[in-house]
Amino acid sequence: MRGRQDGNAPVVVRPSRTGCRLVFWVSRGGVLTVPRWKGTIRSDSTRIEGLVAAADVADAVRGSDVLRPGGDANVSELRARLEHAHDKRFGARLTLVAILLGLALVAPRRALVAGPAAIAAALLLSALGWTSVVVFAALTLLGSLAPVRALWLFFASYLLVLAVSPQTQALAMLGPHPENGGRFYGVTNETETLLLAPALLLGLAAAPLVLVVVAWSRAGADGGGALVFLSSYAWLAARRVTSNRLVVAVGAAAVIVAVALVLVGVDAATGGSSHVTRTIGDGPGAVWHAFTHRWSASWHDATATPARTALNVALLAGLVWLAALGPRQRLLDAFLVGIAVSLVVNDTPHDVLLWGSLQALALRRAG
């Protein structure tokens, strides 16, 4: 990733459009270099300066211009940050579970604000280069005291961070796991689920802002998340028109498909590019393949170990129990619709069930 050459490194070569050759050198320490390129390599697919996915090199071999020179990342520091964030994520998640569960039982309204507060805390720590779980917990608890209307400011600020500084989210304790090579930027299933209830709390007026945060390729770039939020908002909107649940379900489904296609079309037409726009652009076959791949990944995620399987079954049972309780609650129903859609279109059901159960409990108790 640095602009230096290791003469003992293996080489990957491709012919360019001009007939020249682009040579990649990989040092024994895993640093990717290109002779005559200055600085670290920039990658459009990771949006993290100095970090290159294996697929980037493969694309470059095939002639793609996904990589370019001129970055100024400190690769050693980047590696250390990736490792520190990885080491702290489990502790941060466990701490957040305790905070959300405690608040859901004693102050459920605060629990609905705690999800965005936790994301904001993780972003602040990432911007400062810190990975302290204690500070993360303190900031999350402090942020949970903010009024509900402060969520407007959060979503606007979150949009700015995702669009202007994707690396801040990528290296945070909550968010993508770039060190695993799966997701490098944007909104993940975890953050998406933590934001669903707060977004619904703001009502339909917040839908345009929230959908831009989640779905825009220069921000959240989360196609599954777009369908999740659209389904919840469509349910809310349809319930205002009729109380017939069948009509609501059919109407909501039609709205979801139409608006989702419009969003992707506008995004692509304005120069946006992500795995979502590329998949839709490749046609129905690519979309179907993406869904079947996610269903397979979901099954493996949900049943990775006997303990995880048992926990996921318990969490799902808890959601079903909350859904069956009376009286009906409009926001909770819309939230559960979104969670059901998330379990179909996303590929990490454990995250969806875990954070969804905690948020559903808070919504039920908040009334």
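Me: What counts as a helix or a strand?
Reply: A helix is a DSSP run of H or I with at least four residues. A strand is a DSSP run of E with at least two. The runs are numbered from the N terminus. Counted that way, the protein chain has 15 helices and five strands. The model is predicted.

Me: How do you know what confidence the protein chain has?
Reply: The pLDDT scale runs from 0 to 100. The mean for the protein chain is 83. Of its residues, 76% reach 70 or more. Helix α4 (residues 133–143) has the highest confidence, at 98. Strand β1 (residues 11–15) has the lowest, at a mean of 42.

Me: Why is E190 called buried?
Reply: Buried means under 20% relative accessible area. E190 has 3%, so E190 counts as buried. The residue lies in helix α7 (residues 189–201). Neighbours within four places in sequence aside, E190 is in contact with R93, L174, G175, D351 and W355. Each of those contacts means heavy atoms within 4.5 Å.

Me: Why is L204 called partly exposed?
Reply: The partly exposed class lies between the 20% limit for buried and the 50% limit for exposed. L204 has 25%, so L204 is partly exposed. L204 sits in the loop between α7 and α8. In sequence, L204 and A237 are 33 residues apart; in space they are 7.5 Å apart, C-alpha to C-alpha. A237 is among the contacts of L204, along with Y233, L236 and R240, once neighbours within four places in sequence are set aside.

Me: What makes R47 stand out in its phi?
Reply: R47 has a positive phi of about 60 degrees, and R47 is not a glycine. Most residues other than glycine have a negative phi. R47 is in the loop between β4 (40–43) and α1 (54–61). Its relative accessible area is 21%, so R47 is partly exposed, with buried being under 20%.

Me: Is T46 buried or exposed, and how do you know?
Reply: T46 has 0% relative accessibility. Buried is under 20%, so T46 is buried. T46 is also found in the loop between β4 and α1. Its contacts, neighbours within four places aside, are L51, V52, A53, D56, F184 and Y185.

Me: What phi does A221 have?
Reply: A221 has a positive phi of about 50 degrees, although A221 is not a glycine. A221 lies in the loop between α8 (207–215) and α9 (223–241). At 0% relative accessibility, A221 counts as buried.

Me: How do you know that the peptide bond of G326 and P327 is cis?
Reply: Its omega is about -5 degrees, and the bond is cis. Most peptide bonds are trans. P327 has its place in the loop between α13 (306–324) and α14 (330–345).

Me: What makes a set of residues a nonpolar core?
Reply: The members are buried Ala, Val, Leu, Ile, Met, Phe, Trp, Tyr and Cys residues, joined through side-chain atoms within 4.5 Å. The largest such core has 69 residues. F136, Y158, F229, Y233 and F335 have the most contacts inside it. Helix α3 (residues 108–128) gives the largest share of this core, ten residues. Apart from this core lies another, of ten residues, among them L78, L82, A170 and A221.

Me: Which residues is F335 in contact with?
Reply: Neighbours within four places in sequence aside, F335 is in contact with T193, L196, A197, L200, S232, G356, Q359, A360 and L363.

Me: What makes the nonpolar surface patch?
Reply: L101, L105 and V106 make the patch, of about 290 Å². A patch residue needs over 30% relative accessible area. L101 has 38%, so L101 passes that cut-off. L101 counts as partly exposed. L101 lies in helix α2 (residues 75–106).

Me: How many residues of the protein chain count as buried?
Reply: Of the 367 residues, 48% count as buried. The accessible surface of the protein chain is about 16,900 Å², and 66% of that surface belongs to carbon and sulfur atoms. Among contacts between residues at least 6 apart in sequence, 71% join residues at least 24 apart.

Methods: Residues are numbered from 1 along each chain as its sequence is written. This is a predicted model: local features need pLDDT of at least 70, side-chain atom pairs count only at pLDDT 80 or more; totals for chains, interfaces and linings use all residues. Side-chain values use heavy atoms; hydrogens and water are left out. Patches are made of residues with over 30% relative accessible area and no salt bridge: like charges are joined within 9 Å, nonpolar side chains (Val, Leu, Ile, Met, Phe, Trp, Tyr) within 5 Å. Accessible areas come from the Shrake-Rupley method with a 1.4 Å probe; for residues, only the protein chains shown count as cover. A salt bridge is a side-chain nitrogen of Lys or Arg within 4 Å of a carboxyl oxygen of Asp or Glu. Buried means under 20% relative accessible area, exposed over 50%, partly exposed in between (1.4 Å probe, protein chains only). pLDDT is the predictor's confidence in each residue, from 0 to 100.
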